[in-house]
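User: Please take me through this model by question and answer. Keep it brisk.

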Amino acid sequence: MIHTLLEFDGQILLFFQEFIRNRFLTPILVFITSLGNAGIIWILISIGFLFFNKTRKIGCMGLLALFFSLIVNNVLLKNLVARVRPYDAIPELIPLVKKPIDYSFPSGHTAAAFSAACVFVRNLPKKFGIPLIVLAAVIAVSRLYVGVHYPSDVLIGLINGIVLSYAAEFCVNKCWDRWAKAKAGAEAG
């Protein structure tokens, strides 16, 4: 069963390479995948929210979600599972970006993107949240397009990112409420 799943994972990547890659999409998706490098786009967006009172809490949620994603995905899961990259397992697969040096499972780009974007889509007006969740989805697909992740890496990264976004939101809400009560008590006393 697992062997069949792994084979199917590889066949999807070869399908991308053979039938979807083209001269028009390649520079666009290489650029989009690079936006997710080290979670930089999501870090910058989260930091930008810190500058405004109305979005400061959302910025904290985004940064905490990214921190959770870093620890759970890049520090723990990648090293526990130690799945080789698809281009190392599938000789016909040609990656379109510099080969990452860490393990494949789960996709850190996807997990980071969805951990932050899910916080944003739930807490910002739709006109801001929806484009960010679309960007997260395009980053996820770009990891398949450029040949550095299996579909199952991306799927688990997506699910993991969603779960971590809720965890970060819960933690920040709890701390924010405590801080507001402590501040109100200090001002009243």
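Analyst: A residue is buried under 20% relative accessible area, exposed over 50% and partly exposed in between. The model is predicted.

User: By that rule, is Arg 122 buried, exposed or partly exposed?

Analyst: The relative accessible area of Arg 122 is 29%. Buried needs a value under 20%, and exposed one over 50%. Arg 122 is therefore partly exposed.

User: Which residue meets Arg 122 in a salt bridge?

Analyst: The salt bridge of Arg 122 has an N to O distance of 2.7 Å. Arg 122 lies in helix H6 and its partner in helix H8 (residues 151–188), so the pair ties together parts that are 47 residues apart in sequence.

User: Over the ring of which residue does the charged end of Arg 122 sit?

Analyst: A charge sits over a ring if CZ of Arg is within 6 Å of the ring centre and within 35 degrees of the ring normal. The charged end of Arg 122 is 3.7 Å from the centre of the ring in question. That ring belongs to Tyr 166.

User: Which residue forms a salt bridge with Lys 78?

Analyst: Lys 78 counts as buried, at 2% relative accessibility. Its closest N and O atoms to the partner are 3.7 Å apart. Lys 78 lies in helix H4 and the partner in the loop between helix H5 (86–89) and H6, so the pair ties together parts that are 24 residues apart in sequence. The partner is Asp 102.

User: What is the N to O distance in the salt bridge of Arg 85 and Asp 102?

Analyst: Arg 85 is buried, with a relative accessible area of 3%, and Asp 102 is partly exposed at 32%. Arg 85 lies in the loop between H4 and H5 and Asp 102 in the loop between H5 and H6, so the pair ties together parts that are 17 residues apart in sequence. The N to O distance is 2.4 Å.

User: How many Å apart are the end C-alpha atoms of helix H4?

Analyst: Helix H4 (residues 56–81) has 26 residues. At 1.5 Å a residue, H4 should span 38 Å. The end-to-end value agrees with that: 36 Å.

User: What accessible area does the nonpolar surface patch that includes Leu 80 have together?

Analyst: Leu 80 is in helix H4. It is exposed, with a relative accessible area of 69%. Its patch also includes Phe 67, Ile 71 and Val 75. The area together is about 630 Å².

User: Which residue forms an aromatic pair with Phe 49?

Analyst: The structure holds three aromatic pairs. In this one the rings are 5.1 Å apart centre to centre, with 75° between the planes, and are edge-to-face. Phe 49 lies in helix H3 (residues 40–50) and its partner in helix H6 (residues 108–123), so the pair ties together parts that are 71 residues apart in sequence. The partner is Phe 120.

Note on methods: Residues numbered from 1 in each chain as written. Predicted model: local features only at pLDDT ≥ 70, side-chain atom pairs only at ≥ 80, totals over all residues. Heavy atoms only, no water. Phe/Tyr/Trp six-rings, centres within 6.5 Å; stacked < 30°, edge-to-face > 60°. Helix = DSSP H or I, 4+ residues; strand = E, 2+ residues; numbered from the N terminus. Expected span 1.5 Å × (residues − 1). Patch = residues over 30% accessible without salt bridge, like charges linked within 9 Å, V, L, I, M, F, W, Y side chains within 5 Å. Areas by Shrake-Rupley, 256 points an atom, 1.4 Å probe, with all protein chains shown as cover. Salt bridge = Lys/Arg side-chain N within 4 Å of Asp/Glu carboxyl O. Buried < 20%, exposed > 50% of the residue type's maximum accessible area, 1.4 Å probe, protein only.
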